[in-house]
Number of protein chains: 2
Amino acid sequence: MGISERKERDKVEMRKNIIDAAMHMFTHEGYENASIRKIADKIEYSPATIYLYYKDKDELLYDVQGECFTKLVKIFHKQANATEPFTRLQQIFDAYINFGLNNPEMYDLMFIMKSPMNNLEDKEVWQNGNDAFAHLVNCVQDCIDQKLIKFDNVWLGAFSIWGFSHGLISLDIRCRIKVMNLNEAQVLEAIHGSVANYLNQIKT
Amino acid sequence: MGISERKERDKVEMRKNIIDAAMHMFTHEGYENASIRKIADKIEYSPATIYLYYKDKDELLYDVQGECFTKLVKIFHKQANATEPFTRLQQIFDAYINFGLNNPEMYDLMFIMKSPMNNLEDKEVWQNGNDAFAHLVNCVQDCIDQKLIKFDNVWLGAFSIWGFSHGLISLDIRCRIKVMNLNEAQVLEAIHGSVANYLNQIKT
DNA sequence: TGGTTTTACTGAACAGTGTTTAGTAAATTT
DNA sequence: AAATTTACTAAACACTGTTCAGTAAAACCA
(Lines give C-alpha, C1' and ligand atoms only; values in the text may rest on other atoms or scores of the structure.)
Protein backbone atom coordinates (compact mmCIF):
# COMPACT_ATOMS: atom_id res chain seq x y z
CA MET A 1 0.00 0.00 0.00
CA GLY A 2 1.69 3.22 -1.14
CA ILE A 3 -1.13 5.11 0.54
CA SER A 4 0.49 5.52 3.93
CA GLU A 5 3.74 6.53 2.22
CA ARG A 6 1.92 9.14 0.17
CA LYS A 7 0.22 10.38 3.32
CA GLU A 8 3.58 10.66 5.02
CA ARG A 9 4.88 12.66 2.05
CA ASP A 10 1.80 14.87 2.18
CA LYS A 11 2.38 15.52 5.86
CA VAL A 12 6.00 16.51 5.26
CA GLU A 13 4.95 18.69 2.33
CA MET A 14 2.30 20.41 4.40
CA ARG A 15 4.80 21.16 7.14
CA LYS A 16 7.18 22.56 4.53
CA ASN A 17 4.30 24.67 3.23
CA ILE A 18 3.62 26.06 6.67
CA ILE A 19 7.30 26.74 7.35
CA ASP A 20 7.70 28.53 4.02
CA ALA A 21 4.64 30.68 4.59
CA ALA A 22 5.80 31.53 8.09
CA MET A 23 9.30 32.35 6.85
CA HIS A 24 7.93 34.57 4.11
CA MET A 25 5.60 36.34 6.52
CA PHE A 26 8.45 36.70 8.93
CA THR A 27 11.03 38.17 6.61
CA HIS A 28 8.62 40.30 4.57
CA GLU A 29 6.17 41.59 7.16
CA GLY A 30 8.16 41.20 10.37
CA TYR A 31 7.51 39.05 13.38
CA GLU A 32 4.70 41.22 14.72
CA ASN A 33 2.65 40.47 11.61
CA ALA A 34 3.37 36.75 11.43
CA SER A 35 0.34 35.47 13.31
CA ILE A 36 -0.99 31.94 13.00
CA ARG A 37 -4.10 33.34 11.36
CA LYS A 38 -2.11 35.19 8.70
CA ILE A 39 0.15 32.20 8.03
CA ALA A 40 -2.97 30.04 7.67
CA ASP A 41 -4.46 32.63 5.33
CA LYS A 42 -1.35 32.53 3.15
CA ILE A 43 -1.52 28.76 2.63
CA GLU A 44 -5.33 28.93 2.34
CA TYR A 45 -6.13 26.72 5.28
CA SER A 46 -7.94 27.39 8.52
CA PRO A 47 -5.81 28.43 11.52
CA ALA A 48 -6.84 25.25 13.34
CA THR A 49 -5.19 23.14 10.64
CA ILE A 50 -1.76 24.41 11.62
CA TYR A 51 -2.31 22.81 15.02
CA LEU A 52 -2.66 19.43 13.33
CA TYR A 53 0.97 19.75 12.22
CA TYR A 54 2.48 21.74 15.08
CA LYS A 55 1.60 21.51 18.75
CA ASP A 56 2.05 25.27 19.19
CA LYS A 57 3.60 28.37 17.67
CA ASP A 58 6.93 27.82 19.46
CA GLU A 59 7.34 24.47 17.76
CA LEU A 60 6.63 26.01 14.37
CA LEU A 61 9.09 28.82 15.02
CA TYR A 62 11.72 26.25 15.94
CA ASP A 63 11.36 24.71 12.48
CA VAL A 64 11.49 28.12 10.80
CA GLN A 65 14.62 28.80 12.82
CA GLY A 66 16.01 25.55 11.41
CA GLU A 67 15.55 26.90 7.87
CA CYS A 68 17.42 30.05 8.86
CA PHE A 69 20.32 27.98 10.13
CA THR A 70 20.45 26.10 6.85
CA LYS A 71 20.90 29.44 5.11
CA LEU A 72 23.60 30.58 7.54
CA VAL A 73 25.56 27.34 7.24
CA LYS A 74 25.41 27.61 3.44
CA ILE A 75 26.82 31.13 3.71
CA PHE A 76 29.62 29.87 5.95
CA HIS A 77 30.51 27.25 3.35
CA LYS A 78 30.50 29.76 0.51
CA GLN A 79 32.06 32.78 2.17
CA ALA A 80 34.33 31.31 4.81
CA ASN A 81 36.51 28.69 3.15
CA ALA A 82 40.03 30.11 3.18
CA THR A 83 42.62 27.51 4.09
CA GLU A 84 44.62 29.96 6.19
CA PRO A 85 42.87 29.69 9.58
CA PHE A 86 43.03 33.32 10.67
CA THR A 87 41.79 34.52 7.30
CA ARG A 88 38.94 32.01 7.63
CA LEU A 89 38.20 33.39 11.09
CA GLN A 90 37.91 36.86 9.58
CA GLN A 91 35.61 35.47 6.90
CA ILE A 92 33.39 33.79 9.47
CA PHE A 93 33.21 37.06 11.41
CA ASP A 94 32.29 39.01 8.28
CA ALA A 95 29.76 36.45 7.11
CA TYR A 96 28.09 36.28 10.51
CA ILE A 97 27.93 40.04 11.02
CA ASN A 98 26.63 40.66 7.52
CA PHE A 99 24.07 37.89 7.84
CA GLY A 100 22.78 39.49 11.01
CA LEU A 101 22.67 43.03 9.68
CA ASN A 102 21.11 42.03 6.35
CA ASN A 103 18.59 39.55 7.80
CA PRO A 104 17.54 41.05 11.11
CA GLU A 105 14.28 39.08 11.30
CA MET A 106 16.06 35.77 10.77
CA TYR A 107 18.82 36.68 13.17
CA ASP A 108 16.24 37.66 15.74
CA LEU A 109 14.52 34.30 15.46
CA MET A 110 17.82 32.44 15.63
CA PHE A 111 19.57 34.23 18.46
CA ILE A 112 17.34 36.74 20.24
CA MET A 113 13.71 35.64 20.49
CA LYS A 114 12.86 33.39 23.40
CA SER A 115 9.92 31.75 21.70
CA PRO A 116 11.55 29.08 19.50
CA MET A 117 13.73 27.91 22.41
CA ASN A 118 10.71 27.10 24.55
CA ASN A 119 10.33 24.06 22.35
CA LEU A 120 13.54 22.57 23.71
CA GLU A 121 13.01 20.49 26.82
CA ASP A 122 15.52 20.92 29.59
CA LYS A 123 18.75 19.03 28.98
CA GLU A 124 17.87 18.74 25.28
CA VAL A 125 20.56 19.97 22.91
CA TRP A 126 20.14 22.77 20.38
CA GLN A 127 21.25 20.88 17.28
CA ASN A 128 21.01 23.76 14.81
CA GLY A 129 22.95 26.10 17.03
CA ASN A 130 25.64 23.53 17.72
CA ASP A 131 26.05 22.66 14.04
CA ALA A 132 26.61 26.27 13.05
CA PHE A 133 28.84 26.80 16.06
CA ALA A 134 30.94 23.84 14.97
CA HIS A 135 32.22 25.85 12.00
CA LEU A 136 33.59 28.46 14.34
CA VAL A 137 34.98 25.85 16.72
CA ASN A 138 36.84 24.11 13.90
CA CYS A 139 38.33 27.37 12.75
CA VAL A 140 39.35 28.40 16.25
CA GLN A 141 40.89 24.95 16.72
CA ASP A 142 43.04 25.46 13.61
CA CYS A 143 44.02 28.95 14.76
CA ILE A 144 45.07 27.67 18.16
CA ASP A 145 46.97 24.75 16.65
CA GLN A 146 49.00 27.20 14.59
CA LYS A 147 49.26 29.60 17.55
CA LEU A 148 47.57 32.41 15.61
CA ILE A 149 45.25 33.62 18.38
CA LYS A 150 45.50 34.29 22.09
CA PHE A 151 43.26 31.49 23.30
CA ASP A 152 44.14 28.19 24.85
CA ASN A 153 40.67 26.74 25.39
CA VAL A 154 39.00 26.11 22.03
CA TRP A 155 35.41 26.14 23.18
CA LEU A 156 35.91 29.24 25.30
CA GLY A 157 37.61 30.99 22.41
CA ALA A 158 34.80 30.20 19.99
CA PHE A 159 32.23 31.17 22.59
CA SER A 160 33.96 34.50 23.22
CA ILE A 161 34.10 35.30 19.53
CA TRP A 162 30.44 34.36 19.11
CA GLY A 163 29.49 36.42 22.14
CA PHE A 164 31.36 39.44 20.86
CA SER A 165 29.78 39.41 17.42
CA HIS A 166 26.36 38.62 18.82
CA GLY A 167 26.62 41.59 21.16
CA LEU A 168 27.24 44.01 18.33
CA ILE A 169 24.54 42.59 16.04
CA SER A 170 21.87 42.33 18.70
CA LEU A 171 22.49 45.84 20.04
CA ASP A 172 21.95 47.05 16.49
CA ILE A 173 18.87 44.94 15.76
CA ARG A 174 17.20 45.91 19.01
CA CYS A 175 17.83 49.62 18.38
CA ARG A 176 20.41 50.38 21.10
CA ILE A 177 23.11 51.86 18.88
CA LYS A 178 21.47 54.43 16.64
CA VAL A 179 19.95 56.08 19.71
CA MET A 180 23.48 56.85 20.95
CA ASN A 181 23.38 59.87 18.62
CA LEU A 182 24.75 58.01 15.60
CA ASN A 183 23.58 57.99 12.00
CA GLU A 184 23.32 54.82 9.97
CA ALA A 185 26.79 55.08 8.48
CA GLN A 186 28.35 55.69 11.88
CA VAL A 187 26.60 52.63 13.29
CA LEU A 188 28.10 50.43 10.58
CA GLU A 189 31.48 52.07 11.16
CA ALA A 190 31.25 51.34 14.89
CA ILE A 191 30.37 47.69 14.35
CA HIS A 192 33.01 47.00 11.74
CA GLY A 193 35.58 49.05 13.61
CA SER A 194 34.96 47.00 16.75
CA VAL A 195 35.39 43.77 14.86
CA ALA A 196 38.64 44.94 13.26
CA ASN A 197 39.92 46.01 16.65
CA TYR A 198 38.96 42.73 18.27
CA LEU A 199 40.65 40.63 15.62
CA ASN A 200 43.83 42.63 16.19
CA GLN A 201 43.57 42.14 19.92
CA ILE A 202 43.16 38.38 19.82
CA LYS A 203 45.81 37.90 17.13
CA THR A 204 49.15 36.68 18.50
CA MET B 1 -4.07 78.61 44.20
CA GLY B 2 -2.25 75.55 45.49
CA ILE B 3 -4.80 73.43 43.66
CA SER B 4 -3.03 73.21 40.31
CA GLU B 5 0.23 72.49 42.13
CA ARG B 6 -1.41 69.69 44.09
CA LYS B 7 -2.90 68.32 40.88
CA GLU B 8 0.53 68.37 39.29
CA ARG B 9 1.91 66.49 42.32
CA ASP B 10 -0.95 64.00 42.08
CA LYS B 11 -0.19 63.41 38.42
CA VAL B 12 3.47 62.75 39.14
CA GLU B 13 2.54 60.47 42.03
CA MET B 14 0.11 58.53 39.86
CA ARG B 15 2.76 58.00 37.21
CA LYS B 16 5.16 56.81 39.91
CA ASN B 17 2.45 54.46 41.11
CA ILE B 18 1.98 53.03 37.66
CA ILE B 19 5.74 52.67 37.09
CA ASP B 20 6.20 50.90 40.43
CA ALA B 21 3.34 48.51 39.78
CA ALA B 22 4.69 47.76 36.32
CA MET B 23 8.20 47.25 37.66
CA HIS B 24 6.94 44.90 40.37
CA MET B 25 4.86 42.94 37.89
CA PHE B 26 7.79 42.83 35.56
CA THR B 27 10.42 41.58 37.99
CA HIS B 28 8.14 39.26 39.94
CA GLU B 29 5.86 37.75 37.31
CA GLY B 30 7.91 38.32 34.16
CA TYR B 31 7.18 40.39 31.11
CA GLU B 32 4.59 38.00 29.69
CA ASN B 33 2.40 38.57 32.74
CA ALA B 34 2.80 42.34 32.92
CA SER B 35 -0.26 43.35 30.95
CA ILE B 36 -1.90 46.76 31.19
CA ARG B 37 -4.93 45.10 32.73
CA LYS B 38 -2.88 43.43 35.47
CA ILE B 39 -0.92 46.60 36.20
CA ALA B 40 -4.21 48.51 36.45
CA ASP B 41 -5.55 45.79 38.76
CA LYS B 42 -2.54 46.14 41.02
CA ILE B 43 -3.02 49.88 41.52
CA GLU B 44 -6.82 49.41 41.71
CA TYR B 45 -7.71 51.54 38.70
CA SER B 46 -9.35 50.71 35.42
CA PRO B 47 -7.03 49.86 32.48
CA ALA B 48 -8.26 52.95 30.64
CA THR B 49 -6.90 55.18 33.39
CA ILE B 50 -3.33 54.22 32.52
CA TYR B 51 -3.90 55.76 29.10
CA LEU B 52 -4.61 59.12 30.77
CA TYR B 53 -1.00 59.09 32.01
CA TYR B 54 0.76 57.23 29.19
CA LYS B 55 -0.01 57.38 25.51
CA ASP B 56 0.77 53.67 25.08
CA LYS B 57 2.52 50.71 26.66
CA ASP B 58 5.83 51.56 24.97
CA GLU B 59 5.92 54.93 26.68
CA LEU B 60 5.25 53.34 30.07
CA LEU B 61 7.95 50.74 29.49
CA TYR B 62 10.38 53.52 28.64
CA ASP B 63 9.78 55.02 32.08
CA VAL B 64 10.15 51.64 33.77
CA GLN B 65 13.38 51.23 31.84
CA GLY B 66 14.45 54.57 33.30
CA GLU B 67 14.00 53.19 36.82
CA CYS B 68 16.15 50.22 35.89
CA PHE B 69 18.91 52.52 34.71
CA THR B 70 18.78 54.41 38.00
CA LYS B 71 19.47 51.11 39.74
CA LEU B 72 22.31 50.20 37.40
CA VAL B 73 23.99 53.61 37.76
CA LYS B 74 23.76 53.31 41.55
CA ILE B 75 25.47 49.93 41.34
CA PHE B 76 28.21 51.42 39.18
CA HIS B 77 28.80 54.10 41.81
CA LYS B 78 28.90 51.60 44.64
CA GLN B 79 30.76 48.73 43.04
CA ALA B 80 33.00 50.40 40.46
CA ASN B 81 34.89 53.19 42.19
CA ALA B 82 38.52 52.07 42.29
CA THR B 83 40.92 54.87 41.45
CA GLU B 84 43.16 52.60 39.42
CA PRO B 85 41.52 52.71 35.97
CA PHE B 86 42.01 49.11 34.88
CA THR B 87 40.77 47.81 38.23
CA ARG B 88 37.74 50.07 37.80
CA LEU B 89 37.20 48.63 34.33
CA GLN B 90 37.16 45.15 35.83
CA GLN B 91 34.68 46.35 38.43
CA ILE B 92 32.40 47.83 35.79
CA PHE B 93 32.57 44.56 33.86
CA ASP B 94 31.71 42.53 36.95
CA ALA B 95 28.94 44.89 38.04
CA TYR B 96 27.37 44.90 34.59
CA ILE B 97 27.54 41.15 34.08
CA ASN B 98 26.19 40.41 37.54
CA PHE B 99 23.41 42.95 37.13
CA GLY B 100 22.36 41.26 33.91
CA LEU B 101 22.49 37.72 35.25
CA ASN B 102 20.76 38.59 38.54
CA ASN B 103 18.10 40.84 37.01
CA PRO B 104 17.28 39.26 33.68
CA GLU B 105 13.86 40.95 33.37
CA MET B 106 15.34 44.40 33.96
CA TYR B 107 18.24 43.73 31.64
CA ASP B 108 15.83 42.53 29.00
CA LEU B 109 13.83 45.74 29.22
CA MET B 110 16.96 47.88 29.14
CA PHE B 111 18.95 46.24 26.36
CA ILE B 112 16.99 43.56 24.53
CA MET B 113 13.29 44.34 24.17
CA LYS B 114 12.34 46.52 21.23
CA SER B 115 9.22 47.90 22.83
CA PRO B 116 10.57 50.69 25.07
CA MET B 117 12.72 52.06 22.25
CA ASN B 118 9.70 52.62 20.00
CA ASN B 119 9.01 55.60 22.21
CA LEU B 120 12.14 57.37 20.94
CA GLU B 121 11.52 59.40 17.80
CA ASP B 122 14.15 59.17 15.11
CA LYS B 123 17.18 61.34 15.82
CA GLU B 124 16.18 61.54 19.48
CA VAL B 125 18.89 60.53 21.95
CA TRP B 126 18.62 57.71 24.46
CA GLN B 127 19.47 59.70 27.59
CA ASN B 128 19.41 56.80 30.05
CA GLY B 129 21.60 54.63 27.89
CA ASN B 130 24.07 57.41 27.29
CA ASP B 131 24.31 58.31 30.98
CA ALA B 132 25.13 54.75 31.99
CA PHE B 133 27.49 54.41 29.04
CA ALA B 134 29.31 57.55 30.19
CA HIS B 135 30.66 55.64 33.21
CA LEU B 136 32.31 53.16 30.91
CA VAL B 137 33.55 55.89 28.57
CA ASN B 138 35.19 57.77 31.45
CA CYS B 139 36.90 54.65 32.64
CA VAL B 140 38.12 53.72 29.18
CA GLN B 141 39.38 57.28 28.75
CA ASP B 142 41.46 56.96 31.92
CA CYS B 143 42.75 53.55 30.84
CA ILE B 144 43.80 54.92 27.46
CA ASP B 145 45.42 58.00 29.02
CA GLN B 146 47.56 55.72 31.15
CA LYS B 147 48.13 53.34 28.22
CA LEU B 148 46.61 50.40 30.09
CA ILE B 149 44.48 49.00 27.27
CA LYS B 150 44.92 48.35 23.56
CA PHE B 151 42.48 50.96 22.26
CA ASP B 152 43.13 54.33 20.73
CA ASN B 153 39.58 55.49 20.07
CA VAL B 154 37.76 55.98 23.39
CA TRP B 155 34.22 55.65 22.14
CA LEU B 156 35.02 52.60 20.04
CA GLY B 157 36.78 51.00 22.99
CA ALA B 158 33.84 51.55 25.31
CA PHE B 159 31.44 50.35 22.63
CA SER B 160 33.46 47.19 22.06
CA ILE B 161 33.54 46.40 25.76
CA TRP B 162 29.82 47.03 26.06
CA GLY B 163 29.13 44.90 22.99
CA PHE B 164 31.21 42.03 24.34
CA SER B 165 29.53 41.94 27.73
CA HIS B 166 26.09 42.43 26.23
CA GLY B 167 26.67 39.51 23.90
CA LEU B 168 27.40 37.13 26.76
CA ILE B 169 24.52 38.32 28.95
CA SER B 170 21.91 38.36 26.20
CA LEU B 171 22.86 34.92 24.90
CA ASP B 172 22.31 33.66 28.43
CA ILE B 173 19.05 35.51 29.05
CA ARG B 174 17.57 34.40 25.76
CA CYS B 175 18.50 30.76 26.41
CA ARG B 176 21.21 30.22 23.78
CA ILE B 177 23.95 28.97 26.07
CA LYS B 178 22.47 26.29 28.27
CA VAL B 179 21.19 24.50 25.16
CA MET B 180 24.79 24.02 24.03
CA ASN B 181 24.86 21.02 26.37
CA LEU B 182 25.99 22.98 29.43
CA ASN B 183 24.71 22.89 32.98
CA GLU B 184 24.11 26.04 35.01
CA ALA B 185 27.56 26.08 36.61
CA GLN B 186 29.27 25.59 33.26
CA VAL B 187 27.32 28.49 31.78
CA LEU B 188 28.55 30.81 34.52
CA GLU B 189 32.07 29.47 34.05
CA ALA B 190 31.89 30.16 30.32
CA ILE B 191 30.70 33.73 30.84
CA HIS B 192 33.20 34.65 33.52
CA GLY B 193 35.98 32.82 31.73
CA SER B 194 35.29 34.79 28.58
CA VAL B 195 35.39 38.06 30.48
CA ALA B 196 38.68 37.17 32.17
CA ASN B 197 40.14 36.21 28.81
CA TYR B 198 38.95 39.39 27.17
CA LEU B 199 40.39 41.62 29.87
CA ASN B 200 43.72 39.90 29.39
CA GLN B 201 43.55 40.36 25.64
CA ILE B 202 42.84 44.07 25.74
CA LYS B 203 45.35 44.76 28.50
CA THR B 204 48.63 46.26 27.26
C1' DT C 1 -20.20 -3.09 -3.90
C1' DG C 2 -22.02 -1.26 0.61
C1' DG C 3 -21.26 -0.09 5.34
C1' DT C 4 -18.00 1.33 8.85
C1' DT C 5 -14.19 3.56 10.52
C1' DT C 6 -10.57 6.70 10.19
C1' DT C 7 -8.59 10.92 8.50
C1' DA C 8 -8.30 15.84 7.34
C1' DC C 9 -10.22 19.80 7.99
C1' DT C 10 -12.99 23.90 9.71
C1' DG C 11 -16.35 27.33 12.24
C1' DA C 12 -16.94 28.98 16.28
C1' DA C 13 -15.70 29.76 20.60
C1' DC C 14 -12.49 30.85 24.83
C1' DA C 15 -9.48 33.59 27.21
C1' DG C 16 -6.32 36.74 26.74
C1' DT C 17 -3.94 41.22 24.66
C1' DG C 18 -3.44 46.76 23.72
C1' DT C 19 -6.36 50.55 22.94
C1' DT C 20 -10.48 53.85 22.19
C1' DT C 21 -14.69 56.01 23.21
C1' DA C 22 -18.90 57.47 25.20
C1' DG C 23 -20.73 58.41 29.45
C1' DT C 24 -20.65 59.78 34.55
C1' DA C 25 -19.84 61.61 38.97
C1' DA C 26 -17.11 64.67 41.46
C1' DA C 27 -14.21 68.74 41.85
C1' DT C 28 -13.52 73.31 40.47
C1' DT C 29 -14.67 77.76 38.67
C1' DT C 30 -17.77 81.38 37.61
C1' DA D 1 -26.26 77.88 42.69
C1' DA D 2 -25.18 76.91 37.95
C1' DA D 3 -21.81 75.90 34.51
C1' DT D 4 -17.67 73.91 33.33
C1' DT D 5 -13.80 71.18 33.69
C1' DT D 6 -11.49 67.12 35.48
C1' DA D 7 -10.76 62.20 36.63
C1' DC D 8 -12.30 58.09 35.90
C1' DT D 9 -14.60 53.76 34.04
C1' DA D 10 -17.65 50.15 31.46
C1' DA D 11 -17.90 48.43 27.35
C1' DA D 12 -16.47 47.76 23.05
C1' DC D 13 -13.01 46.92 19.00
C1' DA D 14 -9.73 44.41 16.70
C1' DC D 15 -6.41 41.57 17.47
C1' DT D 16 -3.75 37.28 19.48
C1' DG D 17 -2.82 31.82 20.43
C1' DT D 18 -5.42 27.81 21.09
C1' DT D 19 -9.24 24.20 21.63
C1' DC D 20 -13.15 21.51 20.40
C1' DA D 21 -17.30 19.80 18.39
C1' DG D 22 -18.89 18.81 14.05
C1' DT D 23 -18.42 17.40 8.95
C1' DA D 24 -17.29 15.70 4.56
C1' DA D 25 -14.20 12.79 2.21
C1' DA D 26 -11.03 9.07 2.03
C1' DA D 27 -9.68 4.42 3.41
C1' DC D 28 -10.66 0.08 5.04
C1' DC D 29 -13.30 -4.14 5.63
C1' DA D 30 -17.09 -7.40 4.65
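## The surface near DNA strand D

The residues of the surface near DNA strand D comprise 9 nonpolar, 3 polar and 5 charged ones. Here Ala, Val, Leu, Ile, Met, Phe, Trp, Tyr, Cys and Pro count as nonpolar, Asp, Glu, Lys and Arg as charged, and the others, Gly among them, as polar. The model is a predicted one, in which local features need pLDDT of at least 70 and side-chain atom pairs count only at pLDDT 80 or more, while totals for chains, interfaces and linings use all residues. Residues are numbered from 1 along each chain as its sequence is written, and chains are lettered from A and ligands numbered from 1 in the order in which they are written.

DNA strand D is surrounded by 17 residues, and the closest are Ser35(A), Asp56(A), Lys57(A), Ser46(B) and Ala48(B). Two or more residues of this surface come from each of helix 2 (36-42) and helix 3 (47-53) of chain A and helix 3 (47-53) of chain B. A residue is near a strand if its C-beta atom, placed from the backbone, lies within 6 Å of it.

## The surface near DNA strand C

Around DNA strand C there are 17 residues, of which Ser46(A), Ala48(A), Ser35(B), Asp56(B) and Lys57(B) come nearest. Helix 3 of chain A, together with helix 2 (36-42) and helix 3 of chain B, each give at least two residues to this surface. By class, the surface near DNA strand C has 9 nonpolar, 3 polar and 5 charged residues.

## The fold of chain A

Chain A contains 9 helices and 0 strands. Helices (H or I, at least four residues) and strands (E, at least two) are DSSP runs, numbered from the N terminus. The C-alpha atoms of chain A fill a box of roughly 60 × 45 × 30 Å along the principal axes.

Of the 204 residues of chain A, 34% are buried. A residue is buried if 20 or more other C-beta atoms, placed from the backbone, lie within 10 Å of its own, exposed if 12 or fewer do, and partly exposed in between.

The contact takes 34 residues from chain B and 34 residues from chain A. Two residues are in contact if their C-beta atoms, placed from the backbone, lie within 7 Å. On the side of chain B that touches chain A, helix 8 of chain B supplies the largest share, 10 residues. This side divides into 18 nonpolar, 12 polar and 4 charged residues. The copies meet through the same surface, because 100% of the interface residues of chain B are also interface residues in chain A.

## Helix 8 at the contact

Helix 8 of chain A and helix 9 of chain B pack at an angle of about 80°, with their axes 10 Å apart. The two helices are therefore roughly perpendicular to each other, a term for angles of 65 to 115 degrees. Their contact has 4 nonpolar, 5 polar and no charged residues.

His166(A) lies in helix 8 (residues 154-173) of chain A. His166(A) counts as buried because it has 25 C-beta neighbours inside 10 Å. Not counting residues up to four places away in sequence, His166(A) touches Phe111(A), Gly167(B) and Leu171(B).

Technical notes. Axes are lines fitted to C-alpha atoms, for helices over the stretch in contact, and angles run from 0 to 180 degrees between N-to-C directions. Angles under 35 degrees count as roughly parallel, over 145 as roughly antiparallel, 65 to 115 as roughly perpendicular and the rest as oblique.
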